[in-house]
Every structure is written in C-alpha cells, then in structure tokens.
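Which charged side chains pair with one another along a protein chain, and where do the partners sit? Please keep these points in mind while looking at the sequence and the structure below.

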Amino acid sequence: MKKTEAERFYEVFERVIREQNLDTRMLEHRALTVWGEVTGPYVNRITVDRRCAAGVLCVRIDSAPARQELMMRRSRLIDAINARLGSDIIKEIKFF
C-alpha cells in the first residue's frame, strides 16, 4: 500500500467545497449576514426578509421611505457587500 501525504482538514474541506461548486452558494448565504453589517442597525431592524440566489439579493424592507433611500444607494451597497465578502458575488439588489 502506498502512503500518501496527509492533508489538513481545512484543505480537504475547501477542495470539496470547490469540487461541488458550493463556494458561490456559501458566499451568497454570507451576504445575508453581511447585509446587517453594511446597512447598520436601523435598516437591519426594518428588514423583514432577505434571500439570495444567482447573484441577486432580494430584500424586503418594512418602511417605504427607507426602501426608497436604499434603492438610490443600491450600487454602493453592492460594492460594500462584495468588499466584505472578498468576491463579486452580488450583482443586483431587488427591494420588495
């Protein structure tokens, strides 16, 4: 039996994540958490629902004026979220 060099757990974990194409999905899930960090406590409190799929972050805001303000800042929010994630995962934000 041929001996192979042992791999560290995190190396195996990262390889499996890449092979299964789960890295994008994990970053999209992380974007949901980063939303509150980027927007601050007030917006996070009035955020009722958030989902992310295929690079589109869908966010439901409970306040119409706040939703309008966030729509105008959409591109800055995308840049801030992607900077926190270290990848250009989020391509668009939709408010509903």
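The paragraphs below go through the salt bridges of this predicted model.

Side chains of opposite charge can pair when their charged atoms come close. With a salt bridge taken as a side-chain nitrogen of Lys or Arg within 4 Å of a carboxyl oxygen of Asp or Glu, the count comes to five salt bridges.

In helix α1, which spans residues 9–19, Arg15 and Glu19 lie four residues apart, about one turn of the helix, and they form a salt bridge whose closest N and O atoms are 3.7 Å apart. Arg15 is partly exposed, its relative accessible area being 30%. This pair also belongs to a network of salt bridges that links Glu7, Arg15 and Glu19.

Helix α2, covering residues 23–39, holds both Arg25 and Glu28, which are three residues apart, again about one turn of the helix. The two form a salt bridge, with 3.1 Å between the closest N and O atoms. Glu28 is buried, with a relative accessible area of 5%, whereas Arg25 is partly exposed at 47%.

A further salt bridge joins Arg84 to Glu37, the closest N and O atoms being 2.7 Å apart. Here the pair links distant parts of the chain, since Arg84 lies in helix α5 (residues 74–85) and Glu37 in helix α2, 47 residues apart. Both partners count as partly exposed, Arg84 at 48% relative accessibility and Glu37 at 38%.

Notes:
Residues are numbered from 1 along each chain as its sequence is written. This is a predicted model: local features need pLDDT of at least 70, side-chain atom pairs count only at pLDDT 80 or more; totals for chains, interfaces and linings use all residues. Side-chain values use heavy atoms; hydrogens and water are left out. Helices (H or I, at least four residues) and strands (E, at least two) are DSSP runs, numbered from the N terminus. Buried means under 20% relative accessible area, exposed over 50%, partly exposed in between (1.4 Å probe, protein chains only).
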